[in-house]
Amino acid sequence: MEIDHIHRPSKGEFFERYFKRNRPVLMSGIMDDWPAKEKWTFGYFKNLAKEMQVRIEIGNVLHDRPQIERLGLTEYIELIEGAEAARSEDATLKDAEGVPYLAYFDIFKYFPGLKTDVEFSFWKGRFRFPIAWIGPAGTFTGLHWDVGHNLFAQFCGKKEFTLYPPESTPYLYTSKKYDIGSILSQVDSRRPDFQRFPLFKKAEGTKVIVEAGQILYTPRGWWHQVLALKASISVSCFAFGLKDGIMHALPGLAMHALHLGGLYRKSNCACHPD
Ligand SMILES: [Zn+2]
């Protein structure tokens, strides 16, 4: 299937043609007047908080054993810049092993002053959770779907999404492994095990490349995996309406509190190392 690519849609066009119909869409031009579009570079983040330590995931925690390290933000950005300078081609799935990733970063909690650099207010929903992703080429987030509707804004670099509609669920083998805000597939699509997951052969994904300055809308329930082709800075703004919030966001927060307390899927998750 084709994913539409539209330029500066009106609110009405976006909500009528895509949001209400649960159809993904790639959009350009929306962030043209957001300060973040020019301002959010690796150089900017490198000098933002020199003492700050951040939680770095190693590899694809959704399908590898979760491994976590702490690094200085500045040191981490320098590492990304070094890796990018040494690379001449886009990353491929072969590169997606053991790459350090500042993932699921609660950017506006740590840097509330940056909130005015972005403008997600056209994105309706009473509950909005903007989360940043900063990493080198080769970061990979394995197959999953998000419980919130996801507006994914790319500020630097380039990412490749592979999208599967909700009807593909029988081919994607839902996992019991816990991850905050998402439902995982058991299939590690970097090296699918067709003995265990024969129906995965039937799953038909659609690739979408999201370049700097573009925004991809992924509706709730659409499976996706994400590979950074180049070093990237992105924000996913997850949103829930009132009904979705009560049905999905609040139970998700309660489940996460239980998980952190060791009461829910304690030793099978994407966040705690063994
Ligand atoms: Zn955990």
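## Helix H4 and its buried face

In helix H4 (residues 73-85), the buried residues include Leu73, Tyr76, Ile77 and Ile80. Here a residue is called buried if 20 or more other C-beta atoms lie within 10 Å of its own, exposed if 12 or fewer, and partly exposed in between, with C-beta atoms placed from the backbone. Viewed down the axis of H4, its buried residues fall within an arc of 95 degrees, so they line one face of the helix; the arc is that of the directions from the helix axis to the C-beta atoms. An α-helix has 3.6 residues a turn, so residues three or four places apart point the same way.

What do the buried residues of H4 pack against? Their partners are helix H3 (42-46) and the strands E3 (53-58), E4 (68-72), E5 (100-105) and E6 (127-135). A contact here means that the C-beta atoms of two residues, placed from the backbone, lie within 7 Å. On the face turned away from the buried side, H4 carries the exposed residues Glu75, Gly82 and Ala85. The 13 residues of H4 should span 18 Å at 1.5 Å a residue, and its end C-alpha atoms are 18 Å apart, which agrees. The expected span is 1.5 Å times one less than the number of residues in the helix.

## About the model

This is a predicted model, in which local features need pLDDT of at least 70 and side-chain atom pairs count only at pLDDT 80 or more, while totals for chains, interfaces and linings use all residues. Residues are numbered from 1 along each chain as its sequence is written.

## The chain as a whole

The chain has 7 helices and 14 strands. Helices (H or I, at least four residues) and strands (E, at least two) are DSSP runs, numbered from the N terminus. The C-alpha atoms fill a box of roughly 45 × 45 × 40 Å, taken along the principal axes.

Of the 274 residues in the chain, 37% are buried. Among contacts between residues at least 6 apart in sequence, 82% join residues at least 24 apart.

## Strand E12, covered on both sides

Is strand E12 (residues 214-218) largely enclosed or exposed? In E12, 5 of the 5 residues are buried, so the strand is largely enclosed by the rest of the structure. Gln214, Leu216 and Thr218 are buried on one side, and Ile215 and Tyr217 are buried on the other.

E12 pairs with strand E2 (residues 25-28) in the antiparallel sense over 4 bridges; strands pair if DSSP finds at least two bridges between them. Strand E8 (residues 149-156) also runs antiparallel to E12, joined to it by 4 bridges. Tyr217 of E12 stands opposite Val25, and Tyr217 also stands opposite Leu151.

## Helix H7 and its bend

Helix H7 (residues 242-260) has 19 residues and reaches 25 Å from its first C-alpha to its last, close to the 27 Å expected at 1.5 Å a residue. Where does H7 bend? The bend is at His248, by about 30 degrees, and the proline Pro251 follows within four residues. The bend is the angle between axes fitted to the seven residues ending at a residue and the seven starting there. After H7 comes Gly262, with a positive phi near 80 degrees.

## Two positive phi values

Arg8, a residue other than glycine, has a positive phi near 35 degrees. Arg8 lies in the loop between strand E1 (4-7) and helix H1 (11-19), and is exposed, with 10 other C-beta atoms within 10 Å.

Tyr104 is not a glycine either, yet its phi is positive, about 50 degrees. Tyr104 sits in strand E5 and counts as partly exposed, with 19 C-beta neighbours inside 10 Å.
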